[in-house]
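Hi everyone, thanks for coming. Let me put today's structure up on the screen, and then we'll walk through it together.

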Amino acid sequence: MRIQKQEIEKHNGKLLSRHQRKLKQLSNEIPNAQKIIRKLIDFQIAIPSWALGTGGTRFGRFSGPGEPGSLEQKIEDIGLLHTLNKSSGAVSLHIPWDIPTSNRKIKALAAEHGLKFDAVNSNTFQDQPRQKLSYKFGSLQHVNAKVRQQAIDHNIEVIKYGKALGSNSITVWLSDGSCFPGQLNFRKAFQRTLESLEEIYAALPSNWKMFVEYKAFEPNFYSMTVGDWGQSYLFASKLGPKAYTLVDLGHHLPNANIEQIVSLLLMEGKLGGFHFNDSKYGDDDLTVGSINPYQLFLIFNELVEGMDARNMNHSTDLGWMIDASHNVKDPLEDLLQSVEAIKIAYAQALLIDRRELNRAQENNDVARAQEILQQAYRTDVRPLLAEARLKSGAALQPIQLFRELNVRKQLVSERGSKAVATGL
Ligand code: AFD
Ligand code: MN
Ligand code: MN
């Protein structure tokens with residue numbers, strides 16, 4: 001299904017005067033409303049092709065009705081999101097879960113929906129049906145060179161798909177590691193992984209980036225070969241200027257200071273991008289901003305500060321992606337909420353009075369510094385987001401319109417109530 005322009009206009013018409021009242025009030029209180037709105041319009045967040053159906057846990061999967069059963073339908077879903085919020089203009093593809101049958105046709109279909117291809121993702125954490133060698137004991141780190149080669153070849157194939165689709169980065173997330181002490185020689189595992197990554201790196205087109213994603217634990221529970229930002233940074237540094245660290249918010253040990261990690265990676269020019277999600281315990285993959293929105297804001301505070309210090313383009317110089325899983329909510333509503341939460345944190349970070357904060361820091365005025373941050377965090381910036389949507393032709397209230405138009409019901413009537421998404 002497609003949402004028509006008139007449907008958006010009708011919805012916006014009903015809400016317009018209320019929105020304008022709120023926007024006016026907020027604009028009177030903050031100095032840079034127009035500038036922030038411009039930045040919000042440009043800021044796009046990629047939707048992962050694996051997040052449009054129900055994720056499930058290792059205990060079960062309760063699939064929802066009308067899930068996309070093909071890559072075409074997944075692109076249709078992301079197109080719906082982008083029509084509603086004009087903020088999800090990119091797809092992050094997972095190979096082999098979502099192999100395009102025709103690169104040309106998929107690229108054209110995405111373009112029809114106003115979508116580009118962000119980072120492509122490889123998968124050497126599962127064995128595929130017709131796969132020759134198993135990844136049970138790792139992929140790029142494996143003791144057997146033939147397994148390593150198979151994993152290298154897969155990553156190079158993923159780059160080829162990405163090239164054909166107009167993507168310019170690959171995210172490598174490895175489940176490699178060990179479950180028990182003694183199982184692995186850490187140094188050899190690191191070195192084998194590095195050598196394998198070097199071969200993949202050598203296959204990168206000149207304008208491409210490689211994102212090395214880390215994760216503290218799971219599926220391996222004793223050691224992960226790319227277990228934290230230090231290990232990822234080490235790989236990225238040894239690989240060269242096209243390799244960067246990717247921060248998935250759910251991949252840290254509890255209470256890690258993610259904003260400090262972000263700040264230092266940016267300082268070193270080694271921050272590649274994000275997988276946004278939220279969590280309370282581990283890799284929970286919950287809706288962004290649903291558990292700890294203050295942390296998200298503090299991350300964006302460091303991002304805006306650090307990107308400006310390096311003269312970076314906020315919207316294009318880092319990879320902004322969601323990596324979430326949906327068990328109890330409609331994936332499309334959940335993704336709309338995630339995108340909104342990311343942009344709220346970004347807008348609040350743009351509100352921070354940098355000169356004042358710097359002055360407070362240089363004077364050891366701790367209370368003042370906290371006041372400045374929390375003043376921004378406690379500002380309801382939603383009218384700015386709504387205005388950015390209005391200006392770009394999207395809906396003032398995306399979820400409300402999603403429900404008013406009975407989008408899910410229509411998808412069920414097109415796809416059936418038993419359709420199960422490909423992938424996880
Ligand atoms: C993993 C990682 C990684 C991967 C994804 C697959 O976060 O980004 O691509 O899940 O679902 O936990
Ligand atoms: Mn991730
Ligand atoms: Mn994860």
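**A walk through the model**

So, to start with the overall count: the protein chain has 15 helices and 11 strands. Its radius of gyration is 22 Å, close to the 22 Å that the globule rule gives for 424 residues, so the chain is as compact as a globular protein of that length. Do keep in mind that this is a predicted model. If you follow the C-alpha trace along its principal axes, it spans about 65 × 60 × 40 Å. Of the 424 residues, 47% are buried. And here's a number about the fold: take the contacts with a separation of 6 or more, and 80% of them are between residues 24 or more positions apart.

Okay, let's zoom in on strand β10, residues 271–276. Why can we call this strand largely enclosed by the rest of the structure? Well, 6 of its 6 residues are buried, so that's where the description comes from.

Who sits beside β10? On one side of the story we have β9, residues 243–248, which pairs with β10 in the parallel sense over 4 bridges. If you want a pair to click on, V247 has F274 in β10 as its bridge partner. To get from β9 to β10, the chain goes through helix α8, residues 258–267, and that β-α-β crossover is right-handed.

Then there's β11, residues 319–322. That strand also pairs with β10 in the parallel sense, again over 4 bridges. Here you can look for G273, which stands opposite G319. One more pair to find is H275, which stands opposite M321 in β11. And β11 is covered on both faces: G319 and M321 are buried on one side, W320 and I322 on the other.

Now the ligand. Which residues are closest to ligand 1? Those are W50, N121, W173, D248 and D323, out of 9 residues that surround ligand 1. Sorted by class, the shell has 3 nonpolar, 2 polar and 4 charged residues.

Next, some backbone details. There's a cis peptide bond between I95 and P96, with omega at about 15°. P96 is in the loop between β2 and α4. Another cis peptide bond links E218 to P219, and there omega is about 10°. You'll find P219 in the loop between β7 and β8.

Two residues have a positive phi without being glycines. One is K86, with phi of about 45°, in the loop between α3 and β2. The other is N406, with phi of about 50°, in the loop between α14 and α15. So are they buried or exposed? K86 has 22 other C-beta atoms within 10 Å, so K86 is buried. N406 has 12 within 10 Å, so N406 is exposed.

Last stop: G227, in the loop between β8 and α7. With 18 other C-beta atoms within 10 Å, G227 counts as partly exposed. G227 and A216 are 11 residues apart in sequence, and their C-alpha atoms are 4.5 Å apart in space. Setting aside neighbours within four places in sequence, G227 is in contact with Y214, K215 and A216.

How values were computed
Residues are numbered from 1 along each chain as its sequence is written. Chains are lettered from A and ligands numbered from 1 in the order in which they are written. This is a predicted model: local features need pLDDT of at least 70, side-chain atom pairs count only at pLDDT 80 or more; totals for chains, interfaces and linings use all residues. A residue is near a molecule or strand if its C-beta atom, placed from the backbone, lies within 6 Å of it. Ala, Val, Leu, Ile, Met, Phe, Trp, Tyr, Cys and Pro count as nonpolar, Asp, Glu, Lys and Arg as charged, and the others, Gly among them, as polar. A residue is buried if 20 or more other C-beta atoms lie within 10 Å of its own, exposed if 12 or fewer, and partly exposed in between; C-beta atoms are placed from the backbone. Two strands pair if DSSP finds at least two bridges between them. A crossover is right-handed if, with the strands pointing away from the viewer, the path from the first strand over the helix to the second runs clockwise. The radius of gyration is taken over C-alpha atoms; the globule rule is 2.2 Å times the number of residues to the power 0.38. Two residues are in contact if their C-beta atoms, placed from the backbone, lie within 7 Å.
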